[in-house]
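Me: I'd like to go through a structure with you, starting with the fold and then moving to the ligand and the aromatic residues. Can we take it step by step?

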Amino acid sequence: METIYYLVLVPMVYGAFVVFGLGSVLRLAALWRRPPQPSTLRIHARRAPGWLGALADSFLLPTVRRHNPLLWVFLMIFHVCLLLLILGHLELFKRFEVLQVIEHQVFLGRGLVGLALTLALLFFLFRRFVSPNRDLSVPEDYYLLILLLLTVLFGSQMDWARSWYGYGELTVEDYRAYLMSLVLLKPQLPSAVTGSGHSFMLVLHVFFANLFLIFFPFSKIMHAFLALPVNKLRRG
Ligand code: HEM
């Protein structure tokens, strides 16, 4: 078991970040080198300045809000929580004093971010079981959502155990020691990381997160990088 834990928590994490970084750069470079489209993508009459309008289209999703307000609410919750999730994972490396304006140990939201993401992902998944979304969905849509759901569920379980039930064997200091050792290329696994009752949850969380990172550059999630430039092209 120790060997499996090591393989997932160390070499697979490095591998996943290399595929994620290199894969994303190569895919973006391939798109950049494509010959320009003969037709224009422009569909909007220019109302707001191009980039400002594109920012609003990308982050506030006005078309979705008009046509499907419930989906819009879940999309907003999901994207705000993703931002909090990025901050939370950065705090797993180092404590940021500015974030202490809201007193917390790690992960703002006391477990509610994970809960909100779980509910949003269940909504995104189940809406694809109902027509007409079902007829428009391809297997990749389901794989991606299930992969995210598993990643989020195992991550949240650890936060809920600590914040809601006072589980104290696997501490933030243990995570920091492990993650900083990866950054410094001197990997170390503190005994709590591999030997506590919740180590298997961490290993499953990191395993699914690694798969997600490996899958990212070849999936629809590349829209994270492309939404803004495409909306700018639409705005003209
Ligand atoms: C290799 C990359 C990753 C590592 C090493 C990692 C590690 C962790 C750790 C140590 C926790 C803290 C658990 C606790 O509070 O006790 C956590 C929480 C969490 N992670 Fe990750 N994670 C990674 C990637 C991801 C990804 C890609 C996602 C989803 C997109 C994700 C979603 C979550 C969620 C939802 C939580 C709980 C947050 C909350 O409840 O507030 N993680 N992660």
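Me: Among contacts in the protein chain between residues at least 6 apart in sequence, what percentage join residues at least 24 apart?
Reply: For the protein chain, 73% of the contacts between residues at least 6 apart in sequence join residues at least 24 apart, where contact means heavy atoms within 4.5 Å. This is a predicted model, in which local features need pLDDT of at least 70 and side-chain atom pairs count only at pLDDT 80 or more, whereas totals for chains, interfaces and linings use all residues. Residues are numbered from 1 along each chain as its sequence is written, and side-chain values use heavy atoms, with hydrogens and water left out.

Me: How many helices and strands in the protein chain?
Reply: The protein chain has 12 helices and 0 strands, with helices (H or I, at least four residues) and strands (E, at least two) taken as DSSP runs and numbered from the N terminus. Along its principal axes, the C-alpha trace spans about 60 × 40 × 35 Å.

Me: And what share of the residues is buried?
Reply: Of the 236 residues in the protein chain, 39% are buried; buried means under 20% relative accessible area, exposed over 50%, and partly exposed in between, with a 1.4 Å probe and protein chains only.

Me: Switching to the ligand, which residues are closest?
Reply: The ligand is surrounded by 24 residues, and the closest are His89, Asp159, Arg162, Tyr175 and His205, a residue being near if one of its heavy atoms lies within 4 Å.

Me: Which ligand atom is 2.7 Å from the side chain of His205?
Reply: It is a nitrogen atom of the ligand, 2.7 Å from an N or O atom in the His205 side chain. For oxygen atoms of the ligand, a polar side-chain atom of Tyr175 lies 2.7 Å from one, and a polar side-chain atom of Asp159 lies 3.0 Å from one.

Me: Which element gives the largest share of that shell?
Reply: That is H8, with 8 residues. The elements that give two or more residues to the shell are helices H5 (69–91), H6 (112–127), H8 (139–165), H9 (172–183) and H11 (199–215).

Me: How does the shell divide into nonpolar, polar and charged?
Reply: There are 14 nonpolar, 8 polar and 2 charged residues around the ligand.

Me: New topic: how many aromatic pairs are there?
Reply: The structure holds 11 aromatic pairs, where rings of Phe, Tyr and Trp (its six-membered ring) pair if their centres lie within 6.5 Å, and planes under 30 degrees apart count as stacked, over 60 as edge-to-face and the rest as tilted. The rings of Phe74 and Phe123 are stacked because their centres are 4.2 Å apart and their planes are at 15°. This pair links distant parts of the chain, with Phe74 in helix H5 and Phe123 in helix H6, 49 residues apart.

Me: What about Phe154 and Phe208?
Reply: Their ring centres are 6.0 Å apart and their planes are at 15°, so this pair is stacked. Since Phe154 lies in helix H8 and Phe208 in helix H11, the pair ties together parts that are 54 residues apart in sequence.

Me: Is Phe208 buried or exposed?
Reply: Phe208 is buried, at a relative accessible area of 14%. Thr151, in helix H8, is in contact with His205, Phe208 and Ala209, leaving aside its neighbours within four places in sequence, and Thr151 counts as buried at 9% relative accessibility.

Notes:
Polar contact = N/O pair within 3.5 Å; in protein donor to acceptor, adjacent residues only side chain to side chain. Nonpolar A, V, L, I, M, F, W, Y, C, P; charged D, E, K, R; others polar.
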